Amino acid sequence: MITDAKWIRCANAADGGALRFSRTLNFKKPIKRAVAHVSAMGIYELYINGEKVGDALFCPGFTALNERIQYQTYDITALLSDNAQISLLVGEGWALGRSGLSEWNINKVYADHVSVIAEIETEYTDGERERLITDESWDVYTSEILFSSFYDGETVDKTKESVFLGKAEADRSVRSKLTEQIGEYVKEHERISAKELIITPRGEKVIDFGQELAGYVEIKIKGERGQRIAISHAEVLDKNGNFYTENYRTAKNKVVYVLSGREDILKPHFSYQGFRYIRLDEFPMGDIELSRFTSVAVYSDMKRTGHFECGDERINKLYENIIWGQRSNFVDIPTDCPQRDERYGWTGDAQVFCKTASINYDTEKFFGKWLGDMALEQEDNGALRGIVPKIGNLVDGTGKISAGWGDAATIIPWEIYLAFGSKELLRANFPMMRCWVDYVRSFGKEEYLWLDGDHYGDWLAMDAGDGVYMGATQTDLIASAYFAHSTELLVKAGHALGEDVTEYEELLSNVRDKFRQTFMKDGLPCVYEGGKDAFSKDRPVKGLTQTALALILRFGLTEGNERERLTELLVKMIRENGNKMTTGFIGTPHVLHALSENGRADVAYDLLLQTENPSWLFSVNHGATTVWEHWDSIKADGGFWSADMNSFNHYAYGAVYDWIFGTAAGIKVLDDGAGYTHISIKPHTDIRLGNLRASIQTRMGKLESAWKYADGGVEYTITVPHGCLAEVELGDGKKVTLSAGEYEFHACENNVTKYT
Ligand code: BGC
């Protein structure tokens, strides 16, 4: 714990360069054990006698830095020597670095200078204890890192002498609470060797690593002292094969090194890029040996739990792209994208992807930390903005209070509870869930609807015409449907926790009734004419959209036998659109489920296997190695849809894997079976895939569902771990309850399943 140490700073440091805070550790007696607790406003690396301690990156991580800052604890016993030199190298990171969309241009969000704090707890062999702390006795120096920024890259000059800037000063400006590490550490993971050297039509020297990722390039090189290497990064080449960086917007992603003259291993300390290609802007060493270049994936150190394969290589590639989308955007917080001038914790993106994420990896700690920050940033009236942690107090840096984004407050705690079964985490987030629903309830003129809000709508949907961001679905409809959904999740959470939620059960039934009265006419969705955007000049607003139907079907907003008719209508709209979706961020995660939950898994498969734009396989067939932000980020003619909102590494649409896992493989956690203790397994097979195998390493062991078409029927294999009860249904209507074990079933053509 940090009890005595002071925050310290350097009063006369220039902006941009990393500082080194340092002192000699003199111990009066032999040491039994020493641990260092360290944190910074900025991001730091800890060194003892010039050696970096630990393998975590970007510490202390990104939290609601106005409120709380994590500190990390290192056992440094084995590293100490007489007169050991301890030093903290500190860059700007999230707290100070440039942040913000092109037009916002926000700097120094949480502080206007870097500060550090450290406490070394020592136990001597005779049992005496001592604490060495950061105070005014520490020295401050310049470092070889002349510039670092997440967006803009890093400049490291290996020839630069370190200059003494003076003694540190106590810094009383940091008032945030220090809290021990809660999240996962960000670390280096996959290392990918350079695949190809390309000389582009413009004559640029470009290296292709064959895989888009978030991280950096490591270069091993021996040059002459003072020689410079400069590299730029890019996700894609343009249709002429030239290096393309416009979609980074203002983020420069440029890394520069000045060589020492010795064999150097070069990589940034306080920056990362989202890229697949680099361009050698300056490389005076003659021959380019590819073996000197390695790209290194950097992300939160979560345990991989999910695996998938099937008989269609394109779907396997899509799955791999989804995994890479997650790796690239789980860098301490869930980011929208890892490359341009954003990389924010956009709540809407995270809520659509959190279920998939929690099948692929154990995300409990990762989301646990971020949800904690979300709760801290929830406003007194329950409002939650689109970005967590927020980027300053400007409205621009916090995002709108939008339906489908703020609802992360109810959706993510519930999904994480279902995936990992922790009632403590659900309980900790229950007040946030309730306050969010109360906020929506008290917003505007109608208690049971969410009208007149300012939303992102069905972000990037295709049904409002080219270049329109918000899609054609009325935002009031989306908001009120989400109001019902969030209230339902609050009720479920209340039941799981034994809370009295009668009031919210009534609210849910009123919201549903009012929704139907307002947004449905003769059993069909319609435009509510009193709505703010009913006659929008910027985009056509339609009542009947694929997204409206999907939300109505999924959020319990139908009555009687409407389901059948609405499903038929959804199928008709998809068919009339050439078996394609028109949905964006709001509709896409639900449309396949809406179909398969209502007997039309066949149409859901049509969408999954579609190859024309918009579809998942469109990007796969265009060489994607991650999931794109926009359905046609690269258009059929090879051009880009826009430079403005065109990330090639946005995980949101990767949410389709929760359909593949939950419906194609058929594994679903039941509401009373959080943590995979009670599940249903109801695979929906399709001969076009031929076979499929999906597994997850639950906390209790491996759970797997697999099927393949063989011998005129379908063979199923199911593995149920200990502590899990599975309600199994294999297409012939029969249900069996299975406990731990491995099972095989054979369904013949006449649909008789042999349970063996
Ligand atoms: C982000 C999105 C985000 C959105 C809000 C974009 O700039 O990249 O993924 O959810 O803004 O609509």
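Me: Which residues does Ala-665 touch, not counting residues up to four places away in sequence?
Reply: In this predicted model, the residues touched by Ala-665 are Ile-660, Ile-681, Pro-683, Leu-692, Ala-694, Ser-705 and Trp-707. Ala-665 itself sits in the loop that joins α14 (656–664) and β31 (667–669).

Me: Why is Ala-665 called buried?
Reply: Buried means under 20% relative accessible area. Ala-665 has 0% relative accessibility, so Ala-665 counts as buried.

Me: What separates the C-alpha atoms of Ala-665 and Asp-349?
Reply: The separation is 24 Å, for two residues that are 316 residues apart along the chain.

Me: Which residues surround the ligand, and how do they divide by class?
Reply: Among them are Arg-340, Glu-342, Trp-346, Trp-405, Tyr-456 and Met-645. By class, the shell has six nonpolar, one polar and five charged residues.

Me: Why is helix α9 described as largely enclosed by the rest of the structure?
Reply: Eight of the nine residues of α9 (residues 546–554) are buried, so the description applies. The buried residues are Gln-546, Thr-547, Ala-548, Leu-549, Ala-550, Leu-551, Ile-552 and Leu-553.

Me: What do the buried residues of α9 pack against?
Reply: They pack against the helices α7 (475–497), α8 (502–519), α10 (562–576) and α11 (588–596), and against the strands β29 (520–521) and β30 (524–525). After α9 comes Gly-556, with a positive phi near 65°.

Me: Is Gln-70 buried or exposed?
Reply: Gln-70, in strand β6 (residues 68–75), is at 0% relative accessibility and so counts as buried.

Me: How do you know that the side chain of Gln-70 reaches backbone nitrogens?
Reply: The side chain of Gln-70 is 2.7 Å from the backbone nitrogen of Ile-182. A polar atom of that side chain lies 3.2 Å from the backbone nitrogen of Gly-183. With the cut-off at 3.5 Å, both distances fall within it. Leaving aside neighbours within four places in sequence, Gln-70 is also in contact with other residues, including Ser-39, Pro-60, Thr-179 and Lys-369.

Note on methods. Residues are numbered from 1 along each chain as its sequence is written. This is a predicted model: local features need pLDDT of at least 70, side-chain atom pairs count only at pLDDT 80 or more; totals for chains, interfaces and linings use all residues. Side-chain values use heavy atoms; hydrogens and water are left out. A residue is near a molecule or strand if one of its heavy atoms lies within 4 Å of it. Ala, Val, Leu, Ile, Met, Phe, Trp, Tyr, Cys and Pro count as nonpolar, Asp, Glu, Lys and Arg as charged, and the others, Gly among them, as polar. Buried means under 20% relative accessible area, exposed over 50%, partly exposed in between (1.4 Å probe, protein chains only). Helices (H or I, at least four residues) and strands (E, at least two) are DSSP runs, numbered from the N terminus. Contact means heavy atoms within 4.5 Å. A polar contact is a pair of N or O atoms within 3.5 Å; within protein, one must be able to donate a hydrogen and the other to accept it, and residues adjacent in sequence count only if both atoms are side-chain atoms.
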